[in-house]
Amino acid sequence: MVVSGREVARPAVVSVRTAERGAWALRGFSLDRAFTAIAVLPTFVVMLCIFGIPLLFSLYLSFTGWALDQALMGGEFVGLANYEDLMNDPVFIGSLGITFGYTAASVAAQMMLGLAIALLLNIDLPYMRVLRTALVVPMMITPIVGALCWKLLLEPSLGFFNYLIGQKIVWLGMPATALLSVWVVSVWQSTPYVALILLAGLRSLPSEPLEAAAIDGANRRQSFWHVTLPLLRPYLLVALLLRVIFEFRAFDNIYALTGGGPANATMVLSMFTYLTSFVRFDFSLGAAASWIMLLISMITCLFFIATIRRRDAN
Amino acid sequence: MSTLNRRRLLMAAAAGGVMMPILAQNKPDKLVYLGDNQGGWKRTLTEEVGPAFEKETGIKVEFTLLPPDAWLARLKAEMGAGSSGVDITQWSVGMGGWVSPHMLDHNEVLARITARDPGFDWNDFLAGSKLAASYDGKLSGIPYRITTGILVFQKALLAKAGFAVAPGTFAQFHKAALAVNAPPDRYAFGLMGKQGPGLYPSLASWLYSAGGRLLDFKTGEIFINDDKAVTALQFMADLVVKDKLTPPEVTTWEFDDITAGGQRDRYVMAQTFAPYMTLMNDPVLSKTGGNWFADTVPGYTDKSQSRTWVDGHFLAVSKYAKNADWSIEFIRMACSKEWQLRSMERGNAPPRGSVLNDPAMAEKLGWPPTAARAIETGVPTPAHPAWSTLELALRTGVSETLQGQKTAKQALDAVAADWQRTLRRAGIGRA
Amino acid sequence: MAMVVGSRRRRRLQAGLVYTALIALAVIFLFPVLWVLGLSLKTRLQVFADPPLFIWWPTLENYIDVLGRSDFLLAFVNTLVVAGSAVTLSLCVGVPAAYAFARFPFTGRSFLFFALLVMRMLPPIAVLVPMYVLFSKLGLATTRLSVVLAYSTFALPLVVWLMRGFFEDLPKELEESAWIDGAGRYRAFVHIVLPLAKPGMVAAGILCLQLAWNDFLFAAVLTNNATQTLPVKMMSFSAGDSGVDWGGLTASGMLVILPVIIFSFAAQRYLVAGLSSGAVKG
């Protein structure tokens, strides 16, 4: 899976070492095992204890009923009733639709804009460093603060945006514009992330294929589509996967901007889960909703990994 | 503190009679108070009562004030774990159902307080507040703040349009609103229209004045989509959608925003939390300082039908608290006549009749006597644990109506269907 | 390298277009932050000016007010401690693990790595309340340690993922020659591999820092007044009783994001380098 440029340098070095390798391989094996155990164990101990146990508890909760007066524990075992309830809840189904739509729209915009920015930043011109620094800022900002900045900008009477366009639109007060606003904020905040990954990718691309294409007479557009993009594929896929996962569970923006409204227009899954667990205090249902989110994320992740592996095998 | 009030405080304290010394339970070095961070009404507690308590007893009161969601989560976790980490619990009406089992029987707490301070006068507390502080027959806290909905209005503007008194019925309200509506600078009516916790208080006054009800928690019978409720919601929605009597940004307004809107002269009338009027009349903060007057909310066809919601915050000691005697002492101080009078000046809405009807306060703030009248007949926010779920569905329905997406009937029918599912899940009423 | 004269003008034109596009984007990206920065430097009256003021005498009163609140400074210190500890812990635990994943094929390696990835996918909300109960039982409920542990569980998969790719990229020969020369696994790792891994570690560190510094939900539930972090403290400004405390809100917002921005800028090239190797592999 190493980028093609490097592959070339290796063979010569490898052949020399092979013989020696066989000799100490057996002795090395047990040393490896010891090191591995010590190195890997703490990670899994921490994950299992602090994360795994609550996670399993959450799974257990999702199969229990709603215990109104119990503070935290669920009620009796009810099998799949919670999941059924979710599937019959129009708000949840609506939330699924909104989340998928929002994720697709955000990620698409972030990928396209991010690629454009990366291509521009890759050009060798003075002061690129400064521009790159400036463009990365939204990514660094605490999401809650970032959303707040936009909330102030979009304020109907005091905000700069309405001043600029001369209208008094209540951006966060109407379903369509609220969804649009949330989308804008997420694109603003996360495009730099994509741009950075793709820029790193562009930087690491070998120059030979592009030069070869230029010599063969390809114009800029052709060499972009047929040489650059395919080489950039691993980076594109990684950026895509990361953004899909994070936009799918986006919370801070929506919490700070709309709280899920108006009229449930921005009720993404994580907001739904949050309201279920922390406002309704129906932890069992919240756990079930979380697990549905987790399953969807896992399937998506598997799909991506399979795609990456399959392509590499070819 | 102005000199007038400091003197009154001292006089009242002296008049309170001799207080019994506190039982010498082991003195902790601090007491932990867990509450929410919304609204400045707690300022008296944090800035004055706390230090005064520390001065008197040597115990520091540590105020942990969290955003509402975090506060609820924390309280749930602490109570669920039987933790002794919270000495003084602040809880609000909607939490009554699940908080109550974890609290001491506050009739006993009351007995201890009265034994120590005969001047405490439990009878001074309004009936509505005592009702709200109890759940399932058990008194679970001492009321500190009782809020209710009143009609606030800019008297001069209404008079200019020919309305000498505040509207007393829905129809009069509609007429008055049409008369004073002056878009785009100033609208007739302001309300909390954001899909959030402000929607229920916005609807509740209209709902109850029209004779509507929510549901019966014992039998599971749902009333939210009957004719009266539909009428109420449709009336409110028409103000927003049909007649455009509200500023367009009300769909983003919650508690602070409606106050800010009043201060910025965005509307002439509103149904809102009684103590907010103090902020709207504050000449330092408000463009409209001094213009606001109070009255009870309009009744459906007659003023006598005027009904509104009652909510509030209570101070309580949990069963698990270690320093119960000292916590009780703090609560005694905070809820005493003198301190409640003082707290009203700084934004609180106390549950004591004597305080609300205090002539000097009535003169100065305007709303207290109105609030006292409203509380007497007020409907407490449901305390049943299932209410938070039911409320969420109601918020959706109201929001859809305010957006003009559905009629009140359609929206409330959907709410009722959701409530059926929730009640079944919760095992309430006929399954 | 054909035409010279015409191409130079064309190149200047193209450079101009590129700069225009990038500067326009930079303005759009920076503007919200700058706007809020501006609000934080205005008095209450200036904030409400209609039309909005673009030129005014800036005032530091909001910052002085916010910094003067001792609980704000306390929150700042808490955030530093928590974020720093979380980053350190995550790196100390995660980097060796990543190395082992990269170098030593042991039984169950793929499965365990996949398990880590999966844990990263989970919406953190799901584990919030069970985590609180767990910490409560351990007596850690309102301590900074609980938050550090919580953040570490979110950061660890990220660190391992990033660093594993990074290590896979490093040529194995260096360590192998060290092993042959008699150095133990541990020494080879510390003295040879780690220095080479610095860019990756810095990148991972920055991402962990952002994660820990910017979190709101967990900090709000797992801390109390004495241990609360900045985002929690900041949210308490948005609930004034005199309308919203714009000055306090915006000033504290600026103060919250400032350290991370500074830190990220300082270490920026590491971020790009680290992301390039680490992110792509596996």
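A: Gladly. The model is predicted. Start with chain B, whose secondary structure comes to 19 helices and 11 strands.

Q: How do you know whether the radius of gyration of chain B agrees with a compact globule?
A: Set the value against the rule. A compact globule of 431 residues would have a radius of gyration near 22 Å. Chain B has 22 Å, so the two agree. Along its principal axes, the C-alpha trace spans about 65 × 55 × 35 Å.

Q: What makes a residue of chain B buried, and what percentage of its residues are buried?
A: Buried means under 20% relative accessible area. In chain B, 62% of the 431 residues are buried. The accessible surface of chain B comes to about 15,600 Å². Carbon and sulfur atoms account for 54% of that surface.

Q: Which contacts in chain B join residues at least 24 apart?
A: Take the contacts between residues at least 6 apart in sequence. Of these, 74% join residues at least 24 apart.

Q: How many positive and negative side chains does chain B have?
A: There are 47 positive and 43 negative side chains in chain B. The centres of the two sets lie 1 Å apart.

Q: Where do the domains of chain C lie?
A: Domain 1 covers 8–61 and domain 2 covers 63–275. Their C-alpha centres lie 32 Å apart. The contact takes 11 residues from domain 1 of chain C and 10 residues from domain 2 of chain C.

Definitions and conventions
Residues numbered from 1 in each chain as written. Chains lettered and ligands numbered in written order. Predicted model: local features only at pLDDT ≥ 70, side-chain atom pairs only at ≥ 80, totals over all residues. Heavy atoms only, no water. Helix = DSSP H or I, 4+ residues; strand = E, 2+ residues; numbered from the N terminus. Rg over C-alpha atoms; globule rule 2.2 N^0.38 Å. Buried < 20%, exposed > 50% of the residue type's maximum accessible area, 1.4 Å probe, protein only. Contact = heavy atoms within 4.5 Å. Areas by Shrake-Rupley, 256 points an atom, 1.4 Å probe, with all protein chains shown as cover. Lys, Arg positive; Asp, Glu negative; His and termini not counted. Charge placed at Lys NZ, Arg CZ, Asp CG, Glu CD. Domains from an automatic or database assignment.
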